[in-house]
Amino acid sequence: MSTLATKSQPIYAELEWDRTGTHHILFVSAEDAALAQRLLSNPPGGTLTLVHLRPADDSRSVWSQNLPDTALYLEAHTLAEALEVLRDAFYVAQMGTRIYLAGSEDAIWQVSQLAETFGVSRDEIRHAQLGTKARPVFCVHCRTITRGVHTNIVSCSGCGRSLFVRDHFSRRLGAYMGFQIDAEVPGEVPAAEVAYP
Amino acid sequence: MSSASLNVEIRRIRDLAPGIREFSLSRTDGDDFPIYSGGSHIVLSLPLSDRPHRNPYSLLGDPTDRKTWRVAVRKQEDSRGGSRWLHEQAREGMRIDISAPVNLFSLNRLGRRHILVAGGIGITPILSQARELARLGADFEVHYAYRAPEYGVFVDELEALAPGRIHHYVQSRREQIEFSSLLAGRPLGTHFYICGPGGMVAASMNAGKALGWPESHLHSEQFLAPTGGEPFDVQLTLSGKAFTVPSDLSLLEAIEQQGVDAPYLCRGGACGQCELEVVDASGELIHHDLYLSAEERASGKKIMPCVSRLKGGCLTLNL
Ligand code: FES
């Protein structure tokens, strides 16, 4: 593996409020009590909207419990639903808005791409990886993205090729690169190992 | 020289307003000009007496017009000669050298809406940006402030580009841009561009920051004319030259006059391209640029020779 590829793996800084912003939209898709406590006990000035992707059950969430009274809380049960809610939130959002995305890489980079279609720049958006380390994998051969990949080798959901999952991450695609592993000797595929729990 | 130069003929001179002239330029070799992007400027080399005199001016015509380039020049009363030469000596048919276009004020094409603001002659880069946005079919508006009705140059061209989306603020009628209301409540993905006098640019940036606008969406261009000052001595360590910068030349011009190649782009203290390393300074560095940070200034290790100088003593540069 080249060092260049390794370098493109995103590095997530500790999630903090950007207090130069005047409106804040937080998307979360995983539980993290310490982070919820730290962020919500000291909310930023201006409006706060929380878009929460969570399973449709009655379990209590660290995110809804600690929410300031003034915050707008919007719940979604699937990523598709969350993306719809966020699309509306971005549509009405004003300059001065900061966007915070905390969850699986698959979810946060899909939201990030949506935000970019609204002209959001990198200094207006922050990412944090929470929960599953599963990777979205882009097949460089058929250009299909296979989602929720936990193993270092995966069969492409588009073309069925055995892909080796690289550490090379594309922000534009919101996915890691996957290359056919048995290109030289067809059929010779090593056993897959769980690498991204 | 930093960028390839082109020889052009002054084809047409138009007086647009008191103290504002427009120059139309065509290549003397008959070739087409390259296409430039909205907000670009070129550097004109003006044949003033025996010394090099290079002034930056924004290109204001249609970026896709490959036969004619246009610039507009305001006569600076305290000018050391460049704008005065263009107003008093330049004639149609004269030939001068110009640099290739450089853009330090480019549009963000991912923006969903664009607010363009011009103060006075700052309309020149704004006009070429407006043309580019109109061609792209982008959503934009122009806010144009000037001294008195007769100073509103290019208003017809602007109006034709964006009918109903040009807002005028005439100082003699006590009209003024309120930046906090202009920038408030704008949709996500809006970009703001301003070219105008320093005070106006600063007021708009402060208003934007107070409303939470991130830096990436606040764009400004402000060229400083090099100011003269006391003469001072210079030593260049690499080329071994020693000379005196006279009061009416900038440090950069004096270096060029010695035949030493020094980098530059904007010649107006904005781009950072001309930065030189100060080896020693036995006097006070007078920084006029918009580029160096407070810490960099305090370190005394850097100078932007296009606009900054030394007060008294000798300046040693690693060049
Ligand atoms: S040439 Fe741009 S700062 Fe000096």
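Arg173(B) is partly exposed, with a relative accessible area of 48%, where buried means under 20% relative accessible area, exposed over 50% and partly exposed in between (1.4 Å probe, protein chains only). The model is predicted, so that local features need pLDDT of at least 70 and side-chain atom pairs count only at pLDDT 80 or more, while totals for chains, interfaces and linings use all residues. Residues are numbered from 1 along each chain as its sequence is written, chains are lettered from A and ligands numbered from 1 in the order in which they are written, and side-chain values use heavy atoms, with hydrogens and water left out.

Arg173(B) forms a salt bridge with Glu175(B), the closest N and O atoms lying 3.6 Å apart; a salt bridge is here a side-chain nitrogen of Lys or Arg within 4 Å of a carboxyl oxygen of Asp or Glu. Glu175(B) is likewise partly exposed, at a relative accessible area of 30%. Elsewhere in chain B, salt bridges that share partners join Arg14(B), Glu22(B), Arg70(B), Arg131(B) and Glu157(B) into one network. Within this group, the side chains of Arg70(B) and Glu157(B) meet in a salt bridge with an N to O distance of 2.7 Å. Because Arg70(B) lies in strand E5 (residues 69–74) of chain B and Glu157(B) in helix H3 (residues 155–161) of chain B, the pair ties together parts that are 87 residues apart in sequence; helices (H or I, at least four residues) and strands (E, at least two) are DSSP runs, numbered from the N terminus. Arg70(B) counts as buried at 15% relative accessibility, whereas Glu157(B) is partly exposed, with a relative accessible area of 24%.

Over all chains, the count comes to 29 salt bridges. In chain A, Arg135(A) and Asp167(A) form a salt bridge in which the closest N and O atoms are 2.9 Å apart. This pair links distant parts of the chain, with Arg135(A) in strand E6 (residues 135–139) of chain A and Asp167(A) in strand E9 (residues 162–170) of chain A, 32 residues apart. Arg135(A) is buried, with a relative accessible area of 4%, and Asp167(A) is buried as well, at 16%.

Helix packing was examined in chain A, where the axes of helix H4 (residues 79–92) and helix H5 (residues 105–117) come within 10 Å and cross at roughly 30°. This crossing makes H4(A) roughly parallel to H5(A), given that angles under 35 degrees count as roughly parallel, over 145 as roughly antiparallel, 65 to 115 as roughly perpendicular and the rest as oblique. Leu79(A), Leu83(A), Leu86(A), Arg87(A) and Phe90(A) in H4(A) meet Ala107(A), Gln110(A), Val111(A), Leu114(A) and Ala115(A) in H5(A), contact meaning heavy atoms within 4.5 Å.

Positive phi values occur in two arginine residues. Arg143(A) has a phi near 70° and is placed in the loop between E6 and strand E7 (145–149) of chain A, where Arg143(A) is exposed, with a relative accessible area of 58%. In chain B, Arg174(B) has a phi near 60° and is placed in the loop between strand E10 (166–170) and helix H4 (179–183); Arg174(B) is exposed, with a relative accessible area of 78%.

Gly312(B) lies in the loop between strand E18 (309–311) and strand E19 (314–317) of chain B, and counts as partly exposed at 24% relative accessibility. With residues up to four places away in sequence not counted, Gly312(B) touches Glu230(B), Ser282(B) and Gly283(B).

Conventions: Axes are lines fitted to C-alpha atoms, for helices over the stretch in contact, and angles run from 0 to 180 degrees between N-to-C directions.
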